[in-house]
Protein chains: 2
Amino acid sequence: MTKFLFRQLYDAETSTYTYLLGSNKEAILIDPVFEQADRDLKLINELGLQLKYAINTHCHADHVTSTGLIKSRLPHVKSMIAKASGAKADIHLLEGDKIHVGDLEFKCIATPGHTDGCMCFYLEKEGLLFTGDTILIRGCGRTDFQQGDSGRLYDGVWQKIFTLPEDTVIYPGHDYRGFTSSSVGEEKKVNPRFTKSKVDFIDFMNKLGLAYPRKIDVSLPANLECGIDFKP
Amino acid sequence: MTKFLFRQLYDAETSTYTYLLGSNKEAILIDPVFEQADRDLKLINELGLQLKYAINTHCHADHVTSTGLIKSRLPHVKSMIAKASGAKADIHLLEGDKIHVGDLEFKCIATPGHTDGCMCFYLEKEGLLFTGDTILIRGCGRTDFQQGDSGRLYDGVWQKIFTLPEDTVIYPGHDYRGFTSSSVGEEKKVNPRFTKSKVDFIDFMNKLGLAYPRKIDVSLPANLECGIDFKP
């Protein structure tokens, strides 16, 4: 297995997980949060890493990304997001693209459903999967705005995620109950949403009746611009 | 390396980390929190594990342990804590003791200083160290009550923790800024407290001027009884 550095980071205000991975002095930040940019950049510096990429699993509606802010401080950093997100970025990702950071190779797996442009990032050799809001631990991202589509989400998860090795560790984009990771086998077996039939899943998602996202009116426009020029 | 299951769990109310480790169907919970007992036992059940031990790194002043509650539900579970803690438990641990859970072997490392009875639990083969409040990420537990002793804490950390392999992953008992793990090499290099001289460390700890712990009057008496008969 590739020797690499891994840090899971949490933003308590929005219950968001950010991931830092490093290999051969290069680093990538997955789903970094605007308010945590100082913390994250300090950590990267302390670890002697050079940040290469700042990447988002999708165009978030619940927090503003720090990719724009990070690029204003470290202009060599490239931002990345799925092309289908419609958001600005230096590099637009497509299904099957590979991202190299030191010896690490991330495979891009398109899993639309929570949003049009959702992607999971898969470290096949290391057996790690960063799922954003596609799968949460015992849950999933909502599908009632931002091109949400329960049926597409369900199909993508069953066809592309639950077919990965069962011991693949799942690192989600959020958690609200203190869980930090799960596995493909575990979610396939006990996730109360995806263990439903597709029809029941769609019906369940339709009836969730969730509140309007608290930060969506600020977050979405900012994130479509990759957080560039965002002023809190 | 031993194949094992690992879950880091968080209690947001007290910023406490609980750790679940499993091997060969056996499991151990490190520093479980009273209010999270249902979550933790459900997870253990979902993972098909049998809980063998519930263990505390020390007698906590900031939350009530769930070891008593867990034992009331699963009477075969044995509670463990350092003998020097003065707290009740089924098994009292001494420096150098080894705890076996499936194929995992934890070594007990006594590191008094935050309290008299603080212990770190070390998985040497796997390179993981559970430090409780002895070392926090870029910090450490306070030393101004409960037999706290800054000099002992400093010596223990330098002699017993910072002499472990630098890539040993540190899993602390708490974090308040969204960090989930660190490493021996990292803390030795940049922990702002332990990189001071011993004299300066003691002086710094003496001047912290922290508030009286919010939950100490409930937590300490309950934890000295291993949380048995605790009613919230």
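Tyr176(A) is located in the loop that links E11 and E12 of chain A; helices (H or I, at least four residues) and strands (E, at least two) are DSSP runs, numbered from the N terminus. The model is predicted: local features need pLDDT of at least 70, side-chain atom pairs count only at pLDDT 80 or more, and totals for chains, interfaces and linings use all residues. Residues are numbered from 1 along each chain as its sequence is written, chains are lettered from A in the order in which they are written, and side-chain values use heavy atoms, with hydrogens and water left out. For chain A the average pLDDT, the predictor's confidence in each residue from 0 to 100, is 95, and 99% of the residues score at least 70. The complex receives an ipTM of 0.93 and a pTM of 0.95 from the predictor.

Tyr176(A) counts as exposed because its relative accessibility is 54%; the classes are buried under 20% relative accessible area, exposed over 50% and partly exposed in between (1.4 Å probe, protein chains only). When residues up to four places away in sequence are not counted, Tyr176(A) is in contact (heavy atoms within 4.5 Å) with Thr14(A), Ser15(A), Asp62(A) and Leu136(A). The C-alpha atoms of Tyr176(A) and Ser15(A) are 6.1 Å apart, although 161 residues separate the two in sequence.

Strand E11 (residues 169-172) of chain A runs parallel to strand E10 (residues 128-132) of chain A, and four bridges join them; strands are taken to pair if DSSP finds at least two bridges between them. Val169(A) in E11(A) is the bridge partner of Leu128(A). Together with helix H3 (residues 150-161) of chain A, E10(A) and E11(A) form a right-handed β-α-β unit, in which, with the strands pointing away from the viewer, the path from the first strand over the helix to the second runs clockwise. E11(A) also pairs with strand E12 (residues 182-183) of chain A, in the antiparallel sense and over two bridges. There, Val169(A) stands opposite Ser183(A).

Chain B and chain A each contribute 22 residues to their contact. Buried area, the accessible area (1.4 Å probe) that two parts lose on being put together, summed over both, is about 1,800 Å² between these chains, with 45% given by carbon and sulfur atoms. Arg7(B), Glu46(B) and Phe179(B) account for 27% of the area that chain B buries against chain A, more than any other three residues. Six salt bridges are counted between chain B and chain A, each a side-chain nitrogen of Lys or Arg within 4 Å of a carboxyl oxygen of Asp or Glu. One of them joins Asp167(B) to Lys3(A), with the closest N and O atoms 3.3 Å apart.
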